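Hi everyone, thanks for coming. Have a look at the screen first.

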Amino acid sequence: MSTPLRVRWHRARGPVTVVALVLLAAVVLTVVGTRADRGLLDPDSVDPAGGAALASVLRGQGVTVVPAHGPAGLASADPGTTVLVTAPDRLRRADLDTLARSGARIVLVAPGGRVLEALAPGVRAGAPPPALLTTDVPEPSCPVGAAVAAGRVDLDGDVYEVTPPAVGCYPRAGTAALAVSGRTTVAGSATPFTNEALDRAGNAALSMRLLGAGPRLLWYVPPVLPDDAAGPTPLARLVPPGWLWGGATLLLAGVVTALWRARRLGPLVAERLPVRVPAAETTRGRAGLYRRLGARERAAEVLRDEARRLLAARVGLAVHDPREALTAAVTAAAPGYDTAAVDDLLYGAAPTDDRALVVLADTLDGLRAAVGAGSIGMGSRSPGRVPAAGREDQG
């Protein structure tokens, strides 16, 4: 007989839900990873830090914009090409040699000392100047045509020490935020080229004149690759981005699966015991344990606790009422008992041997009988005596 569809769906809905969540997480992480991989000044990115707006304006002015994301893209650089390098410190030694031999106009965004030494003689990284207010952006103060036409711009990043024949612009405390060395231009910040800042101050004018000076612009976004000249590369940078996002997806899948499998399936179900043990057998078993351990003090305390509970209920008190109150009430309800005897019975010292423990049990039974209660914890028993099973329990 085939299983009904409803039952099959009930059984499969858990795994189906987990698979759906994993696929959804994979899609989200892929989208996020794709946006993150584009990074700063990517010509196709419309994020605030991207460069899609500048690329579009350059194309509108007749400049051929060629995006490149790998070393092979640099092979097409020639004297008629302008090369924008968005992350110069990622360039390999071979890439630096290729650019130096190409004769192309080069624009470097915030390069480090290794790149400056290879492509921009006379320009060195300088110490950061004191923070400037936005109203304190300096004038170009140099003969470079692009800077003169742009006026004030948002070059708020690195600064450089410039020695002739290199020329420095936008001076700050003895350094320059823009430097020109031969056919290489060094910009200390990517801000003027970004979508967010392109329409501010003279950013657009500077960007268009630096990158639109020729008919062709090679927009180079270097990949994250190990560079033997840049020192050790962190392991995370050597792993392809897809592997990182795949690992994150698997981790999320594992967490979701753990949460799914750890959930409670409903209220706890009381199971029937396979064997019913009579109460007398349980009592005898406990008595045997007490006897083997010599736990007379513990057995006596159990007897007295039960006696106090039953006697307090009989005389209308709570078991936690003061000792004196319970003793007085029990004495008043038990003819023939004085206060000292009742107090010793209910709160006295532990028996010193098994015989004393049996006597204590008998005496407590007698006290309960005098007050009018039944025997202690064992159902109805004759006053003054404890059945054999009860005595073994206390022994």
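Let's begin with Thr327, which is buried, at a relative accessible area of 2%. By buried I mean under 20% relative accessible area, with exposed being over 50% and partly exposed in between, using a 1.4 Å probe and protein chains only. Thr327 sits in helix 11; helices here are DSSP runs of H or I with at least four residues, strands are runs of E with at least two, and both are numbered from the N terminus. Which residues does Thr327 touch, leaving aside its neighbours within four places in sequence? They are Thr339, Val342, Asp343 and Tyr347, where contact means heavy atoms within 4.5 Å.

Before I go on, a word on what you are looking at. This is a predicted model, in which local features need pLDDT of at least 70 and side-chain atom pairs count only at pLDDT 80 or more, while totals for chains, interfaces and linings use all residues. Residues are numbered from 1 along each chain as its sequence is written, and side-chain values use heavy atoms, with hydrogens and water left out.

Now back to Asp343, one of the contacts of Thr327. The side chain of Asp343 forms a salt bridge with that of Arg323, at 2.7 Å from N to O; the term stands for a side-chain nitrogen of Lys or Arg within 4 Å of a carboxyl oxygen of Asp or Glu. Because Asp343 lies in helix 12 (residues 339–347) and Arg323 in helix 11 (residues 323–333), the pair ties together parts that are 20 residues apart in sequence. Both ends are partly exposed: Asp343 has a relative accessible area of 22%, and Arg323 has 38%. There is also a network, in which salt bridges that share partners join Glu301, Asp305 and Arg308.

How many salt bridges does the structure hold? The count is 9. Glu161 pairs with Arg124, with the closest N and O atoms 2.8 Å apart. That bridge links distant parts of the chain, with Glu161 in strand 5 (residues 160–162) and Arg124 in strand 4 (residues 123–125), 37 residues apart. Glu161 is partly exposed at 31% relative accessibility, whereas Arg124 is exposed at 54%. Then we have Asp154 and Arg200, whose side chains meet in a salt bridge at 3.1 Å, N to O. Here Asp154 comes from the loop between helix 5 (145–150) and strand 5, and Arg200 from the loop between strand 8 (184–187) and helix 6 (203–211), 46 residues apart.

Let's step back to the whole chain. The secondary structure comes to 14 helices and 9 strands, and buried residues make up 36% of the 395 residues. Of the contacts between residues at least 6 apart in sequence, 64% join residues at least 24 apart.

On to the inside. In soluble globular proteins, nonpolar side chains tend to be buried together. I'm calling a nonpolar core a set of buried Ala, Val, Leu, Ile, Met, Phe, Trp, Tyr and Cys residues joined through side-chain atoms within 4.5 Å. The largest one has 31 residues, and Tyr170, Phe193, Leu211 and Trp219 touch the most other members. Elements giving two or more residues to this core include helix 2 (52–60), strand 6 (167–172) and strand 7 (175–181). A second, separate core has 22 residues, including Ala68, Ala104, Leu116 and Ala179.

Beyond four places in sequence, the residues Leu58 touches include Met208, Leu211 and Trp219. The C-alpha atoms of Leu58 and Ser207 are separated by 9.3 Å, although these residues are 149 apart along the chain.

What about strands 6 and 7? They pair in the antiparallel sense over 5 bridges, pairing being counted if DSSP finds at least two bridges between two strands. Cys169 stands opposite Leu178 in strand 7. The two strands form a hairpin with 2 residues between them, and Ala173 in the turn has a positive phi of about 50°.

That's my tour, so please jump in with anything you'd like to revisit on the screen.
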